[in-house]
Amino acid sequence: MKRLKSKYLVVAAFALLSFMSCDFLEKEPDTELTMDIVFDDKNKVEGVLGYVYNGLPTPGDYTHGLGWSVWGDELVWNRLVNWGVLSVQERLFNGTWNVATAPSWNMWNEYPKRIRHAYLFQEKAHEIAGLPQETIDRMKAECRYLACYYWWHLTENYGPIPFIPEMFSTDVPLAEMQKARTSFDDIVSYLDKELLAVSELLPDKYTATNEYGHATSIMALTTRARMLLFAASPLVNGNSWYKDWTNVDGSQLFSPVYDQQKWIKAAEACKLVIDRAEAAGHALFIAYNKDGSIDPFRSTRDLFFTTESAGNPEITFPMTNDLGHTNFEGYEDLCITPEFGDAGCLGVYQGLVDAYFMSNGLPAITGYKADGNPIINEESGYSEEGFTTEVTKRADTSWDEGTGVAGEVTPAGIWKMYYNREPRFYTSVSYHGSWYKVAERPFDFLCYGKDNNHQWNSPRNGYLVRRKVYQGDNSKNGIWYRNRTEWLYRLGTSYLDYAEAVNEAYDNATGRLEALKYLNHIRLRAGLRQYTINAVAANNPDYIHVDNTQDAIRNVVRMERRVEFVSEGIRWFDIRRWKIAESIPEMNGYLMGLDWDCTDINNFYKRVGDPEHNRVWKKAYYWMNIEISELEKNPNLVQAPYW
C-alpha cells in the first residue's frame with residue numbers, strides 16, 4: 001500500500017480547534033505515521049474525520065476573514081480599525097481589490113485539503129476495534145456529504161471551478177489535477193445527485209449527545225436546496241454577462257439561456273427540506289408569554305441564545321466547535337464598547353435601519369431620492385421629525401432591554417426614526433438612546449459621548465449591531481453567556497428560501513399563496529401582520545394586502561429576507577445572486593447615518609454621508625478572483641470576467 005507521511009495527512013490540521021464536542025478531536029496525533037497506522041487506530045480515524053469537519057465556516061468569522069456580513073450592506077466597521085484582516089476587506093470597499101489580492105480566508109487552497117481527506121477517509125477507513133462497520137459506514141457518509149459541501153462552497157464563491165472528484169485519491173499525482181474549470185451547470189448537476197443520494201445514508205437526527213453536530217440528512221438536503229436556489233437565480237440563470245466566459249479551449253462555463261425548470265427544481269428541493277425537517281421534529285423557535293401568546297421580542301432575541309437541548313428546535317445545521325474567540329466572542333468583541341473591554345466599532349448600515357418594518361408591518365421607506373434622502377411610506381406612520389414624549393409600552397412582551405423595565409420598548413425623548421418599529425429592529429440595532437443593559441444606561445453615540453470616543457473603537461454612523469450580542473456580556477470582567485449555539489442553517493432559512501423559489505417557479509395564485517404561507521410564519525413570530533392577496537381594509541388588525549402578482553410577492557419576500565437574516569452570512573449571497581449590488585446606495589457611495597463628528601444633539605439627528613467611508617463596487621466582485629500566483633501554476637485556468 002502506498003505510504004503517506006502524516007505531515008500532510010495529520011499534522012496539517014489536527015491541531016486545529018475541534019469541530020464537535022467529542023473528546024477524540026482534542027487529541028493530537030503522532031507526527032510520523034503511515035496510512036495503515038492512521039486507519040488502524042480509532043483515535044486517529046476519528047481525528048481524520050474531525051479534520052474534514054474543521055474546514056466548515058465559522059459564523060463568528062462572518063465579520064472577519066470570511067467577511068460575508070460586512071461585504072454587503074448589513075454591518076459596517078469603523079474603517080479606522082487597522083487590523084490585518086481588515087486591510088483585505090478595505091480593498092473590496094475602496095475598489096483596489098485585484099487579481100493579486102489574497103482573501104483573508106483562502107478557501108481556494110484550504111477546501112481542497114478537506115475534500116481530499118474526505119475522499120481518503122471513504123477509500124481507506126474500515127472496521128476496527130471500537131468502530132464497527134455500521135459506524136464506519138456512517139462516517140464515510142458524513143465525509144461524502146462534507147466533500148459536497150466544500151465543492152459547492154467553492155463554486156458559490158468562485159463560480160465554475162476545476163471539478164474533479166473522481167481524481168481526488170491517493171494515487172493521482174497533484175500535477176495531473178491541473179484541470180480547467182468545469183461548467184457551472186455540470187457541477188450543480190453532479191452535486192444535486194450526490195447530495196440527494198447521501199441524504200438517504202444519513203440519519204435525520206442523532207440521539208446521542210456526543211453526536212450532535214454530525215452531518216444529517218437534513219443538512220445534506222438543505223445544502224442541496226440552497227445550491228439549487230442559487231443556481232436558479234439571475235446571476236447564473238441566463239445571465240448574458242457571462243456568455244463569453246469560456247475555458248482556454250473555448251468550452252462555455254455558463255449557459256446564457258434562462259431555464260425556468262431550475263426554479264421548479266429549487267422549489268421542490270426546498271419543500272423537501274421543510275417536510276423532512278418538520279417530520280424530524282424541527283420547528284420555528286418561539287418564546288411564549290404566560291397566556292400562550294407569542295412574545296415577538298424574546299422570540300427574535302432568544303433564537304440566538306437557546307440551544308436545542310434547552311428548547312430550540314429550529315437549528316438544522318448546528319456548529320458545535322469551540323464557542324470562544326473564533327465564534328461568538330470574536331463577534332461580540334466588535335460590538336461591546338471600550339468601557340467593558342472591547343472595540344465597539346461594528347455598526348449597521350443606515351439602509352438596514354431603514355429596512356426594518358414599522359410595528360404595523362408596513363415598510364417605513366420605499367426607496368431613495370437622487371440626493372440620497374429617503375422616500376417615506378406615508379401610510380406607515382414613519383417620521384424623521386421630532387422626538388417622542390412618552391414611554392412606548394407593549395403588552396405582548398416581557399422583554400426588558402428597551403428601557404430596563406419589562407414591556408417598555410422605548411423611553412421618552414427618542415428620535416421618531418426609532419419609534420414604533422418592529423421587534424426585530426429593537427433586538428438587532430443599538431441606537432443613540434437605546435438601553436445599554438450591562439451599563440444600566442442609554443447608549444450615547446454623540447461625539448465624545450460615553451460610547452463614541454471619536455477613535456477607531458467607536459461606531460462610525462451612530463449605531464452598533466445588537467443582534468446575536470448577549471446584553472449582559474462583559475469582556476472586561478470575563479463574563480460571557482455561553483449556553484448558546486451557532487448554525488449554518490435553520491428552518492427559518494428554508495421557509496424563506498421556499499417562499500422565494502415557489503413564487504418564481506409558479507407564476508399563479510397557487511404559488512403565491514404557498515409563498516405567503518411560509519413567509520407569514522416568519523412574520524407571525526416577529527409580531528407583524530400577515531400578508532394576503534385578498535382585499536382587506538388598510539387598518540385591518542391582522543392582514544396587509546399585497547397584489548396578486550409575482551413581482552409583488554418577490555418584493556415582500558426580499559424585504560423579509562433583508563431583516564430576518566441579519567448577521568447570518570446570507571445577505572451577501574442574496575445580493576450577488578439577485579444581481580442588485582449596483583442598485584444599493586451604500587455599496588456605491590458614502591456610508592450614511594448620523595454624524596460621527598457631531599457634539600450637538602440638535603444637529604446629531606440628520607442623515608449625513610461619510611466621505612471617509614466611501615465604497616466602490618465593481619462587477620468583478622460578484623465572484624472571487626483566483627490569485628495570479630495560482631493562475632501561473634495552472635495554465636488551464638482562466639480568470640473570472642471583469643477582473
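S199 is buried, with a relative accessible area of 1%. The model in which this value was computed is a predicted one. S199 belongs to helix α9, which covers residues 184-199. When neighbours within four places in sequence are left aside, the contacts of S199 are S217, A220, L221 and R276. Between S199 and H613 the C-alpha to C-alpha distance is 45 Å, at a separation of 414 residues in sequence.

Two residues other than glycine with positive phi values were examined. For H454, phi is near 65°. This residue, H454, is placed in the loop that runs between β10 (441-442) and β11 (463-465). H454 has a relative accessible area of 23%; because the partly exposed class begins where the buried class, under 20%, ends, H454 is classed as partly exposed. For S567, phi is about 70°, again a positive value in a residue that is not a glycine. S567 is located in the loop between α18 (550-564) and α19 (571-578). The relative accessible area of S567 is 2%, so this residue counts as buried.

Aromatic pairs in the structure number 53. One of them is formed by Y111 and Y150, with a centre-to-centre distance of 4.9 Å and an angle of 50° between the planes, a tilted arrangement. Y111 lies in helix α7 (residues 107-124) and Y150 in helix α8 (residues 133-158); the two residues are 39 apart, and the pair thus links distant parts of the chain. Y111 and Y150 are both buried.

Arginine side chains are also found over aromatic rings. R421 is positioned over the face of F425, 5.2 Å from the ring centre. In the case of R523, the charged end is located over the ring of Y531, at 4.0 Å from the centre of that ring.

On the surface, a nonpolar patch is made up of L80, W83 and W456, whose accessible area together is about 270 Å². L80 is partly exposed, its relative accessible area being 41%.

How values were computed. Residues numbered from 1 in each chain as written. Predicted model: local features only at pLDDT ≥ 70, side-chain atom pairs only at ≥ 80, totals over all residues. Heavy atoms only, no water. Phe/Tyr/Trp six-rings, centres within 6.5 Å; stacked < 30°, edge-to-face > 60°. Helix = DSSP H or I, 4+ residues; strand = E, 2+ residues; numbered from the N terminus. Buried < 20%, exposed > 50% of the residue type's maximum accessible area, 1.4 Å probe, protein only. Lys NZ or Arg CZ within 6 Å of the ring centre and 35° of its normal. Patch = residues over 30% accessible without salt bridge, like charges linked within 9 Å, V, L, I, M, F, W, Y side chains within 5 Å. Areas by Shrake-Rupley, 256 points an atom, 1.4 Å probe, with all protein chains shown as cover. Salt bridge = Lys/Arg side-chain N within 4 Å of Asp/Glu carboxyl O. Contact = heavy atoms within 4.5 Å.
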